[in-house]
Amino acid sequence: MSERGGALRGQLDQLLREVAKFGAVGGAGLLVNLVVFNVVRHTTEIPVVRASILATVVAIAFNYVGFRYFTYRDRDKSGRTKELTLFLLFSVVGLVIENGILYAATYGFGWDSPLQSNIFKFLGIAIATLFRFWSYRTWVFRALPAREAVETAESFLGQRRAAPDRVGR
């Protein structure tokens with residue numbers, strides 16, 4: 001295999017691992033979202049779209065923790081305030097996409113049975129997830145530039161090598 005083909009294969013493998021991790025966190029977040037949605041919908045008098053928004057907010061909080069500490073744990077951690085601000089901004093856009101679809105189905109077409117609500121909630125989540133994947137990996141959890149990553153690793157290794165000398169003195 002050529003050097004170029006090997007690099008492309010490596011990038012593809014890395015993307016597939018990222019998609020799998022994103023899917024694992026997203027799948028758990030989907031479960032949180034749907035469970036909260038159905039519990040709120042069936043145990044309170046909160047209207048369907050408001051129940052969905054509440055569930056989406058709970059899932060957003062759950063997902064941030066999963067993405068930051070599992071999916072993108074190796075990404076740049078230097079600007080947490082900026083990261084969280086962008087995460088919330090893109091999450092709100094995803095919330096609007098997700099719940100806009102449910103709103104249109106519920107109030108535009110009158111499809112508001114529990115089964116119909118769950119179908120359109122799930123459809124909204126699926127479409128919003130495509131947007132979230134792109135925006136999170138592009139803008140929120142940015143990869144460290146290669147040079148900076150090497151310098152960080154070298155400085156870390158240099159500190160670890162120097163540590164035994166200090167202890168011995």
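**Which residues of α4 are buried?** In this predicted model, the buried residues of α4 are Ser117, Phe120, Lys121, Gly124, Ile125, Ala128, Arg132, Phe133, Ser135, Tyr136 and Val140. Look at how these names step along the helix: an α-helix has 3.6 residues a turn, so residues three or four places apart point the same way. The cover over the buried residues of α4 includes α1, α2 (48-71) and α3 (80-108).

**Helix α1 meets helix α4.** Two packed helices are described by the angle between their axes and the distance between the axes. Here, the axes of α1 (residues 3-43) and α4 (residues 114-140) come within 10 Å and cross at roughly 145°. The crossing in which α1 passes α4 is right-handed.

**A closer look at the contact between α1 and α4.** On the α1 side, find Leu15, Glu18, Val19, Phe22, Leu30, Asn33, Leu34, Phe37, Asn38, Arg41 and His42. Facing them from α4 are residues including Phe122, Ile125, Thr129, Phe133 and Tyr136.

**The whole chain, for orientation.** Five helices and zero strands make up the count for the protein chain, and reading along the sequence gives the pattern α-α-α-α-α. Of its 169 residues, 29% count as buried. Among contacts between residues at least 6 apart in sequence, 75% join residues at least 24 apart. The chain exposes about 10900 Å², and carbon and sulfur atoms supply 66% of that area.

Definitions and conventions:
Residues numbered from 1 in each chain as written. Predicted model: local features only at pLDDT ≥ 70, side-chain atom pairs only at ≥ 80, totals over all residues. Heavy atoms only, no water. Axes fitted to C-alpha atoms, helices over the stretch in contact; angles between N-to-C directions. Helix = DSSP H or I, 4+ residues; strand = E, 2+ residues; numbered from the N terminus. Left-handed = near helix turned anticlockwise from the far one by under 90°. Contact = heavy atoms within 4.5 Å. Buried < 20%, exposed > 50% of the residue type's maximum accessible area, 1.4 Å probe, protein only. Areas by Shrake-Rupley, 256 points an atom, 1.4 Å probe, with all protein chains shown as cover.
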